[in-house]
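Subject: A structure for you to look at

Hi there,

Here is the structure I promised to pass on to you. Please open it and keep it on screen while you read the rest of this email.

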2 protein chains.
Amino acid sequence: MGIRLIGLDADDTLWHSEDGFHSVTGRFCDLVGPFADGTADLAHTLDSVERRNMVLFGYGVKSFTLSMVEAAIEVTGGKVPAETIQRLVDEGRTLLSRPVELLAGVEETLAALAGSYRMVVITKGDLMHQEQKFHGSGLDRHVEGIDVVSEKDVRTYSRLMSRYGVEPAAFLMVGNSVRSDVLPVLEVGGRAVHIPYEYLWSHEAAEHDGGVPTLTSIVELPQWLSSV
Amino acid sequence: MGIRLIGLDADDTLWHSEDGFHSVTGRFCDLVGPFADGTADLAHTLDSVERRNMVLFGYGVKSFTLSMVEAAIEVTGGKVPAETIQRLVDEGRTLLSRPVELLAGVEETLAALAGSYRMVVITKGDLMHQEQKFHGSGLDRHVEGIDVVSEKDVRTYSRLMSRYGVEPAAFLMVGNSVRSDVLPVLEVGGRAVHIPYEYLWSHEAAEHDGGVPTLTSIVELPQWLSSV
């Protein structure tokens, strides 16, 4: 069966995202370090707090910002001053308001595919932030819509395929996370293409068996599609 | 044309919500007051910070919690200790994890309507939190699904009606906010029923011309539906 609907992951597949979290984590260490014990592993504490909060806070910049606030208090034993906490919240605000920076070739590739395939963006994260990035990116010209979901699991993919009226075998997911964009889609009977990004959030780390098509850039996607 | 799809607002229409924000605002004043100038209007500062952050942070508990942190720092001129900031974040966590408490009559009313009408929940707020409350409430037995949207405006309602394949005249929205649940739906050509709640978030304040059907409880909805 031919591919009729392409699901596109957003963060680190269409536009840069994890590099921003990476850079703000560096700022977190710089800002909080002076108030912490010299032996404290600041980035590790932030990562632990983030994972602990995941089940209640979910994904996205606001969750990350709340976790920065908590990690700063925890790792300094409450010695971090309010002024520094304000600067951490400001770092979160900067992440939320930074302009969308598309990955190389995304605009041209989606424009080229738009005539032949239905496409939708399927992403986790803050609802409002992802919608703002989607509409700000101009990609809404080529893509049918955006679905911001709380988890990319088998249930979510099944629900979306059903809503879009597409059989699993006619659905292709394209994304940078094996855990979120590849494994659950294969489990449902769909297809997936993996396009790794420079940084991978540790929470998304997963392996596949090597049988998943892997591209180095989205610009290779049209050629791959014409070969299947 | 008869009503075929009922959109149900969630917070303060199906389950209690604003009473929790109201109560945490009281806790905010108690916790932050000792570090603020005696003349400071704490609740007013929190409300201002929340409105200022709305466009970037959006709706929901995480946004509210970040605004509490910022308002505490602002109103105390940075004198609020980290320990108190942690307690504010904990208040947000309590709001996120409190069990769903349905309004009186909701369960029975939706069970009664389920045989005759398609129903969907349409709500703003944190994506993950609203989905958790929806599934935790057990109302997913009676209702087709939940749409968490970043704004309840004309565009959002049009998009949803189109996705559910329903003409505006066959769509009824039921909710406690005139601004979000009534006015934009009427503008699109749909119908709306207003069910006020004990507390109304100031951001949602709006007036209608008196011609909108207003019920005192959702239990009156089946009878109203049978009369139109």
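Predicted model: local features only at pLDDT ≥ 70, side-chain atom pairs only at ≥ 80, totals over all residues.

Residues are numbered from 1 along each chain as its sequence is written, while chains are lettered from A and ligands numbered from 1 in the order in which they are written.

**The sheet**

Chain A holds an open sheet of 5 strands in the order S3-S2-S1-S4-S5, with parallel pairing. (Helices, H or I with at least four residues, and strands, E with at least two, are DSSP runs numbered from the N terminus; two strands pair if DSSP finds at least two bridges between them.) Strands S3 (146-148) and S5 (191-194) of chain A stand at the edges with a single partner strand each, so one side of each has no neighbour in the sheet. From one strand to the next, the twist averages 25°. (Axes are lines fitted to C-alpha atoms, for helices over the stretch in contact, and angles run from 0 to 180 degrees between N-to-C directions.)

Strand S1 (residues 5-8) of chain A runs parallel to S2 (residues 118-123) of chain A, and 4 bridges join them. (Contact means that the C-beta atoms of two residues, placed from the backbone, lie within 7 Å.)

**The two chains**

(The superposition is by least squares on the C-alpha atoms of residues with pLDDT of at least 70 in both copies.) The contact takes 26 residues from chain B and 26 residues from chain A. On the side of chain B that touches chain A, H4(B) gives the most, with 8 residues.

**One residue**

A:Leu103 lies in the loop between helix H4 (82-97) and helix H5 (106-113) of chain A. Is A:Leu103 buried or exposed? A:Leu103 is buried, with 20 other C-beta atoms within 10 Å. (Buried means 20 or more such atoms, exposed 12 or fewer, and partly exposed in between, with C-beta atoms placed from the backbone.) A:Leu103 and A:Thr13 are 90 residues apart in sequence and 7.2 Å apart in space, C-alpha to C-alpha.

Happy exploring!
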